Amino acid sequence: MTADLFADTAKPYAPDPVLAKRLHNVLMEIRAAKSRFNLASDPCETEAIIYRLKSLETEYSYLLRTAKLERINSEVNVT
């Protein structure tokens, strides 16, 4: 469980473990792609890595938005 220091409530939030794992995996893939980008020498390889990075960043944005909505929904459903 994680505690949000800036939350309006003292109730801790426990994120979905599957979603948290997916977020972690995408972050690891982004880091790996950035490392490959720094080592790439072929223009075609560089372009492919750029597209892959954009795809991963879009996926990460989607997962983060989903996690935020999940938190909002869990707070709204609490009575």
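## Starting from Arg 31

Arg 31 is found in helix α1, where helices (H or I, at least four residues) and strands (E, at least two) are DSSP runs numbered from the N terminus. At 52% relative accessibility, Arg 31 counts as exposed; buried means under 20% relative accessible area, exposed over 50%, and partly exposed in between (1.4 Å probe, protein chains only).

A word on the model before going on. This is a predicted model, in which local features need pLDDT of at least 70 and side-chain atom pairs count only at pLDDT 80 or more, while totals for chains, interfaces and linings use all residues. Residues are numbered from 1 along each chain as its sequence is written, and side-chain values use heavy atoms, with hydrogens and water left out.

## The chain as a whole

The protein chain has two helices and zero strands. Of its 79 residues, 16% count as buried. The chain exposes about 6,200 Å², and carbon and sulfur atoms supply 60% of that area (Shrake-Rupley method with a 1.4 Å probe; for residues, only the protein chains shown count as cover).

Contact means heavy atoms within 4.5 Å. Among contacts between residues at least 6 apart in sequence, 61% join residues at least 24 apart.

## Helix α1 and its span

Helix α1 covers residues 17–39, which is 23 residues. At 1.5 Å a residue it should span 33 Å, and its end C-alpha atoms are 33 Å apart, which agrees; the expected span is 1.5 Å times one less than the number of residues. The buried residues of α1 are Leu 19, Leu 23, Val 26, Ile 30 and Ala 33.

## The nonpolar core

Which residues make up the largest nonpolar core? There are 11 in all: Leu 19, Leu 23, Val 26, Ile 30, Ala 33, Ala 40, Ile 49, Leu 53, Leu 56, Leu 63 and Ala 67. The elements that give two or more residues to this core are α1 and α2. Such a core is a set of buried Ala, Val, Leu, Ile, Met, Phe, Trp, Tyr and Cys residues joined through side-chain atoms within 4.5 Å. In soluble globular proteins, nonpolar side chains tend to be buried together.

Leu 63 lies in helix α2 (residues 43–76) and is buried, with a relative accessible area of 0%. Not counting residues up to four places away in sequence, Leu 63 touches Leu 19, Arg 22, Leu 23 and Val 26. The C-alpha atoms of Leu 63 and Arg 22 are separated by 7.8 Å, although the two are 41 residues apart along the chain.

## Charged residues between the helices

The structure holds one salt bridge, meaning a side-chain nitrogen of Lys or Arg within 4 Å of a carboxyl oxygen of Asp or Glu. Arg 52 forms it with Glu 29, the closest N and O atoms being 2.4 Å apart. Arg 52 lies in helix α2 and Glu 29 in helix α1, so the pair ties together parts that are 23 residues apart in sequence. Both partners are partly exposed, Arg 52 at 35% relative accessibility and Glu 29 at 33%.

Glu 59 also lies in helix α2 and is partly exposed, with a relative accessible area of 30%. Glu 59 touches Arg 22 and Val 26, not counting residues up to four places away in sequence.
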